[in-house]
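Thanks for coming. Please have a look at the sequence and the model first.

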Amino acid sequence: MYQTAICQQTRDGRARADVGRIRKRGIAQAAKKAVREQKEGFMFSAEDGNIAAMVLLHCETDFVARDTGFQSLGKDLVKALLKEGESSLTPLANERLPDAVQKLGENISLGEHHRIEAKIK
């Protein structure tokens, strides 16, 4: 299977990747995969003092749930939720999920997520 890069010619004749078009293509591919059923996933959790966070990432197969890229994405999302709250989680998920869908070839979505702060005696 061959893939071609989306490129533009620069003034001096060299080709360079058109990042904007590549991102749009990735988002379009993610939209096509969004209708696929997600029966697998992984729950990520983190804690720091009296704050705990949990994020559920959905995917189609357990193979993707065990992938290091998927695991890394989940850890980054739960850390963002823990440190900065939901206001940072949603934009980060919107930015990173289309790239993960394109890279891993499956529908991936953000599931439930909770940030809990409680006093510890």
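The sheet is open and has three strands in the order β3-β4-β5, with antiparallel pairing. β3 and β5 (109–117) are at the edges with a single partner strand each, so one side of each has no neighbour in the sheet. From one strand to the next the twist averages 10 degrees. Helix α3, residues 68–84, packs on this sheet and touches β3, β4 and β5, and its direction makes about 145 degrees with that of β4. Helix α4, residues 86–104, also packs on the sheet, touching β4 and β5, with its direction at about 160 degrees to that of β5.

Now the terms and the source. This is a predicted model, in which local features need pLDDT of at least 70 and side-chain atom pairs count only at pLDDT 80 or more, while totals for chains, interfaces and linings use all residues. Residues are numbered from 1 along each chain as its sequence is written, and side-chain values use heavy atoms, with hydrogens and water left out. Helices (H or I, at least four residues) and strands (E, at least two) are DSSP runs numbered from the N terminus. Two strands pair if DSSP finds at least two bridges between them. Axes are lines fitted to C-alpha atoms, for helices over the stretch in contact, and angles run from 0 to 180 degrees between N-to-C directions.

Back to the strands. β3 (residues 40–48) and β4 (residues 51–59) pair in the antiparallel sense over nine bridges. Ala46 stands opposite Ala53 in β4. The two strands β3 and β4 form a hairpin with two residues between them, and Gly49 in the turn has a positive phi of about 65 degrees.

For the whole chain, there are four helices and five strands, in the pattern β-β-α-β-β-α-α-α-β along the sequence. Of its 121 residues, 30% count as buried, meaning under 20% relative accessible area, with exposed over 50% and partly exposed in between (1.4 Å probe, protein chains only).

Next, the core. Which residues of the largest nonpolar core touch the most other members? Of its 20 residues, they are Leu57, Cys59, Phe70, Leu73, Leu77, Leu97 and Ile108. A nonpolar core here is a set of buried Ala, Val, Leu, Ile, Met, Phe, Trp, Tyr and Cys residues joined through side-chain atoms within 4.5 Å. Two or more residues of this core come from each of β4, α2 (62–65), α3 and α4. The largest share, six residues, is from α3. Leaving aside neighbours within four places in sequence, Leu97 is in contact (heavy atoms within 4.5 Å) with Leu57, Leu73, Ile108, Ser109 and Leu110.

Last, Gln71, which sits in helix α3. Is Gln71 buried or exposed? Gln71 has 16% relative accessibility and therefore counts as buried. Beyond its neighbours within four places in sequence, Gln71 is in contact with Phe42, Phe44, Ala65 and Arg66. Arg66 lies in the loop between α2 and α3 and, at 54% relative accessibility, counts as exposed. Arg66 and Phe42 are 24 residues apart along the chain, and their C-alpha atoms are separated by 8.4 Å.
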